[in-house]
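Work through these exercises with the sequence and the 3D view open. Try each task before you read its solution.

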There are 2 protein chains.
Amino acid sequence: MALIVQKYGGSSVADVEAMKRVARRVVETHQAGHQVVVVVSAMGDTTDDLLDTAAQITQHAPEREMDILLSAGERISMSLLSMAVNELGVQAQAFTGAQAGIKTTSHYGRAQIVGLVTERIARTVKDGHVAIVAGFQGISEDDDVTTLGRGGSDTTAVALAAALHADVCEIYTDVDGLFSADPRIVPKAHRLRRVTQEETLELAAHGAKILHLRAVEFARRYKVPLHVRSSFSEKNGTWIFDGPANPELKGLVPSAALVDPQEDPMEQPIISGIAHDRSQDKITVTNLPNTPGMAARVFSICAEVGANVDMIVQNVPVSDSTRANVTFTLPEGDAQRTLNALEAARDEIGFDQLRYNPNIGKLSLVGAGMRTNPGVSAKLFEALSDAGINIEMISTSEIRISVVTRLDDLDRAVQAVHTAFGLDATESEAVVYGGTGR
Amino acid sequence: MALIVQKYGGSSVADVEAMKRVARRVVETHQAGHQVVVVVSAMGDTTDDLLDTAAQITQHAPEREMDILLSAGERISMSLLSMAVNELGVQAQAFTGAQAGIKTTSHYGRAQIVGLVTERIARTVKDGHVAIVAGFQGISEDDDVTTLGRGGSDTTAVALAAALHADVCEIYTDVDGLFSADPRIVPKAHRLRRVTQEETLELAAHGAKILHLRAVEFARRYKVPLHVRSSFSEKNGTWIFDGPANPELKGLVPSAALVDPQEDPMEQPIISGIAHDRSQDKITVTNLPNTPGMAARVFSICAEVGANVDMIVQNVPVSDSTRANVTFTLPEGDAQRTLNALEAARDEIGFDQLRYNPNIGKLSLVGAGMRTNPGVSAKLFEALSDAGINIEMISTSEIRISVVTRLDDLDRAVQAVHTAFGLDATESEAVVYGGTGR
C-alpha cells in the first residue's frame with residue numbers, strides 16, 4: 001500500500017464530465033489499496049474569469065483581497081470533486097489550504113510555504129478516506145488567505161507529498177509526460193520514461209512548460225518521486241526520481257523505468273531533452289566604460305527593479321579596449337522597467353546606447369550524460385551550423401548547454417538538434433501528445 | 001459618529017455595475033463620518049449556479065462539502081466589493097465568516113451562530129477602515145466552513161450589529177422598505193415609516209418576504225435597530241426599533257419616524273400591514289377518535305418528521321362526538337413526508353382519511369394597535385364577507401389575526417382588507433416599488 005498524492009490541473013477538471021473522470025481515477029487508485037491525497041486546481045477558466053471581473057472593478061486591486069478572490073476557484077473545484085468521489089461510494093473530505101495546514105508567508109500572490117501541519121490530512125487518509133485539498137492557496141500568520149503564484153498547485157502537491165512522506169506525487173496534466181522536445185515543434189519527439197530530478201530542474205528552468213520550476217525545486221530538495229502523466233489516458237508518463245525506487249514505489253514503476261541511470265551509466269542517454277523558450281528578450285548596453293564595477297553596476301540596477309537576468313555576454317571591441325558591450329537576456333515582462341531604470345542611469349554609467357531585441361529564442365539541451373561525454377557542444381554547434389542558424393549567445397551548466405538564436409530560427413533549431421542527437425522516435429514508439437480535444 | 005452595519009443582498013450586487021454602486025454608497029456613508037461594517041451576499045445567481053453544478057455531479061452531496069462550495073459565492077463578492085471601495089479611495093478589508101469570528105454549530109446548511117469574536121472587525125473600523133464581511137457563512141468548532149441557511153446574510157448582519165453594539169443595521173434590498181401590503185397585489189400599498197420589532201416579527205413570520213424571520217428574532221432579542229431600504233435610491237426606508245432613538249441613531253432617523261408609537265399611542269396606527277403567504281398547504285385528518293392524546297399523537301408525528309405546523313383547527317361533528325376532524329397548515333415542502341408519516345400510523349391512530357389541499361392562502365393582519373382597539377376581527381370578517389370570500393381557518397396572536405382562504409381568493413382578500421382598514425395610500429404619498437430594472 002502506497003501513499004499517493006495526485007495533482008490535477010485546471011484542464012483535467014475543466015467541466016463536470018472531466019471532474020467525474022478524475023473522480024473515477026481517484027476511486028480506482030483508492031480501490032487498488034492505496035492511500036490517496038488529491039490536490040486540485042480551479043476548473044478551466046475560473047481563475048481567469050475572476051481576474052477579468054476584478055479588472056472591471058479596479059486596476060489597483062489590494063493584493064490581500066485579490067488572493068481571497070482567486071482562492072475561491074480551488075474551493076469550488078475541491079468541493080465538487082469531493083462530492084463526485086463520494087458519489088462513487090468512496091468517502092472523501094475536502095480541505096482548503098488553511099484546513100490542510102499549509103502555512104505561508106504574507107506575500108500575497110506569490111506566498112512561500114513556510115510549514116505544513118498535516119495532522120488533519122494524515123488522519124483522513126489513515127481513516128481510509130480520500131483527502132482532497134485546494135491547490136495554490138495557504139494561510140498566513142495573520143490568518144489571511146494567500147495564493148502561491150504560478151505553479152502554485154504543483155507546489156502544494158509536492159509540498160504535501162514531502163510532508164506526508166508520500167511514495168509518489170503524480171502530476172496529472174493534458175499530455176503524456178515530459179518529452180524529448182515540444183511535440184508541437186518536433187512531431188517525432190518521444191516521451192521520456194525516466195529523468196533525474198536535476199535534469200527536470202534544468203528543463204523546467206529553461207522553458208519546458210509542464211512542470212513548474214518551483215515545484216521541481218521542492219521535489220528535489222525533499223526527494224519526492226514525481227510521476228508526470230495524462231489524466232486522459234491510463235498510460236505511464238514520465239518518472240522523475242533519483243536512485244533506486246523504495247519498496248512501495250517499486251510496485252508502481254514499470255520495469256523500464258526502474259533501472260537507475262546513475263547506477264548504470266550505460267543506460268543513461270547523453271541527452272534527455274531539449275527545452276525551448278520564446279519568452280526572453282535581449283538587451284545590449286553599448287560602449288560601456290571597460291572599468292571594474294561598471295558591468296556590476298548594470299546588473300545591480302537590474303536587480304533593483306527585480307529583473308531576472310538569465311544569460312550574459314560581454315564583448316570588448318578589438319579596436320578600443322577601453323569600451324565594452326554587455327548583452328543580457330531577461331523575461332519579456334521584466335524588459336520595459338529594466339530599460340527605464342538603465343536609461344535613468346545613463347549619465348552615471350556613461351554608456352552609449354540601449355539596444356533592445358524581443359525577437360530571440362533560447363534552445364537548451366539537457367542531459368546528465370553530458371558530464372561524461374565530451375563533444376556535446378561541438379555536435380550542437382555543428383547541427384546548428386549545418387542548418388544555417390546563427391548562435392547569438394551561449395551559456396552552459398554541468399548538464400545543460402543553452403544557445404540564443406533569432407526567434408524565427410528557433411523551431412528549426414530545435415528540430416535540427418533533436419535529429420542530430422538521435423532523439424527522433426522510431427515508428428514503433430507510439431507517442432501521443434495532447435488530451436481529448438483540449 | 002455612528003457605527004453602521006450595512007447588508008447588501010444578491011440583487012444589490014448582481015453585476016459589476018451594481019457592485020460599484022454599492023461601493024459608492026459605502027464610501028458616502030464612511031465619508032459622512034460613520035464607521036461602516038458591510039455584510040454582502042453572493043452576486044446575483046452565483047449560489048444557484050453552484051447548486052446546479054453540484055446537482056450535475058451528485059444528488060447526495062455531503063453537507064460539509066456543500067457548505068464549502070456555497071460559501072465561495074460570498075467570498076467572491078466580498079473580495080470584489082472590497083476592491084471597489086478601495087478603488088474609490090477608502091481603505092477596506094474583506095473578511096470571510098471565519099475571519100470575522102462568526103462561530104457556529106456544525107449543522108451544515110443551517111448552522112446556528114453560537115458566538116462572535118469581533119476583535120478583528122472592531123479593530124478594522126476603529127482604524128478608520130471599512131470592514132467587508134461575507135454573509136451567510138461561519139466556522140464550526142471543528143474549523144469547518146458552515147452556512148447559515150435561508151436569510152443567512154441578514155442574520156450575519158444583525159448578529160454582527162448586535163455584537164459590535166452598532167447604532168443601526170441597514171438592510172439593503174431592491175424595494176424601498178416594508179409596505180402595508182405587497183405592492184404587486186395592492187398597488188396602493190404604502191411604505192411603512194416605522195414599525196415595532198414585534199410587528200416586524202409577525203409580518204416576517206407570516207409571509208412578508210423582505211426580512212428573514214431569523215434575523216428579525218435576532219434583532220429583537222438584542223435590540224438592534226433596523227433600517228430596511230433600497231440600494232437603488234437614497235430615500236429613507238422603514239425603521240424598525242422600539243422606544244426612543246439613542247443619540248447617534250437620532251441623527252440618522254427622519255423626524256416622522258422619531259415619534260415612539262409605544263410612548264404615544266395616538267401615533268400608533270391600529271394596523272401596520274398585511275402579510276400574505278402562498279407557500280402553505282392544508283392537511284385534514286378525518287374521523288380521529290376523540291380521545292385525549294389522539295390529536296397530540298398526530299402532531300408528535302409531524303414533529304418527528306420536522307414539519308413546521310402553523311395553524312390548527314379541531315372540529316367535533318355535532319352528529320358524533322366520539323370522532324373529530326383535525327385540520328392543520330404547514331409549509332408546502334413539509335407536506336409529502338408528513339402525509340407519508342401519518343399514513344404509516346393510520347392503524348395506530350385509527351383515523352379515516354387524510355385530505356390534502358395545497359390550494360390555500362393565508363392573510364395576516366398585523367398591528368400593535370390591535371391591543372387597544374377591539375373590533376378589529378369583526379371589521380376583518382366583514383370586509384372578507386363583503387368581498388364574498390370564505391374563511392377556512394383563523395388564528396390570532398395579541399397583535400395579529402390570520403385567516404386561511406382559497407388560494408384563488410387570496411389577492412382579492414388582501415386588497416379588500418387593505419382598503420377596509422384605510423391603508424390605501426393617497427395620491428400624494430409617492431410609493432416606489434422595485435429597483436431600477438430588476
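**Exercise 1. Salt bridges between the domains**

How many salt bridges are counted between domain 1 of chain A and domain 2 of chain A?

Solution. Keep in mind that this is a predicted model.

Step 1. Locate the two parts. The domain assignment of chain A puts domain 1 at 3-261 and domain 2 at 269-425.

Step 2. Apply the cut-off. A side-chain nitrogen of Lys or Arg must lie within 4 Å of a carboxyl oxygen of Asp or Glu.

Step 3. Read the count. Between domain 1 of chain A and domain 2 of chain A there are two salt bridges.

Step 4. Inspect a pair. E202(A) and R400(A) join their side chains in a salt bridge, with 2.7 Å from N to O. Side chains of opposite charge can pair when their charged atoms come close.

**Exercise 2. The domain interface**

Solution. 

Step 1. Start with the centres. The C-alpha centres of domain 1 of chain A and domain 2 of chain A are 32 Å apart.

Step 2. Count contacts. Domain 1 of chain A brings 17 residues into contact with 25 residues of domain 2 of chain A.

Step 3. Find the buried area. Domain 1 and domain 2 of chain A bury about 1800 Å² between them, and 59% of it is on carbon and sulfur atoms. On the domain 1 side, I185(A), E199(A) and H206(A) lose the most area to domain 2 of chain A, together 36% of what that side buries.

Step 4. Helix α6 (residues 197-205) of chain A gives the largest share of the domain 1 side, four residues. By class, that side of domain 1 of chain A has eight nonpolar, four polar and five charged residues.

**Exercise 3. Chain A against chain B**

Which element of chain A gives the most residues to the side that touches chain B?

Solution. 

Step 1. Count contacts. 40 residues of chain A are in contact with 41 residues of chain B.

Step 2. Take the area. Chain A and chain B bury about 3200 Å² between them, 62% of it on carbon and sulfur atoms. In chain A, I57(A), R75(A) and M83(A) lose the most area to chain B, together 21% of what that side buries.

Step 3. Check the polar pairs. Chain A and chain B share two salt bridges. R120(A) forms a salt bridge with D144(B), where the closest N and O atoms are 2.8 Å apart. Across the interface of chain A and chain B, 20 residue pairs are in polar contact, both at pLDDT 80 or more.

Step 4. List the elements. Those of chain A that give two or more residues to this side are α1 (16-31), α2 (46-57), α3 (63-87) and β3 (92-95).

Step 5. α3(A) gives the most, with 17 residues.

Key. Residues are numbered from 1 along each chain as its sequence is written. Chains are lettered from A and ligands numbered from 1 in the order in which they are written. This is a predicted model: local features need pLDDT of at least 70, side-chain atom pairs count only at pLDDT 80 or more; totals for chains, interfaces and linings use all residues. Side-chain values use heavy atoms; hydrogens and water are left out. Domain bounds come from an automatic or database domain assignment. Contact means heavy atoms within 4.5 Å. Buried area is the accessible area (1.4 Å probe) that two parts lose on being put together, summed over both. Ala, Val, Leu, Ile, Met, Phe, Trp, Tyr, Cys and Pro count as nonpolar, Asp, Glu, Lys and Arg as charged, and the others, Gly among them, as polar. A polar contact is a pair of N or O atoms within 3.5 Å; within protein, one must be able to donate a hydrogen and the other to accept it, and residues adjacent in sequence count only if both atoms are side-chain atoms.
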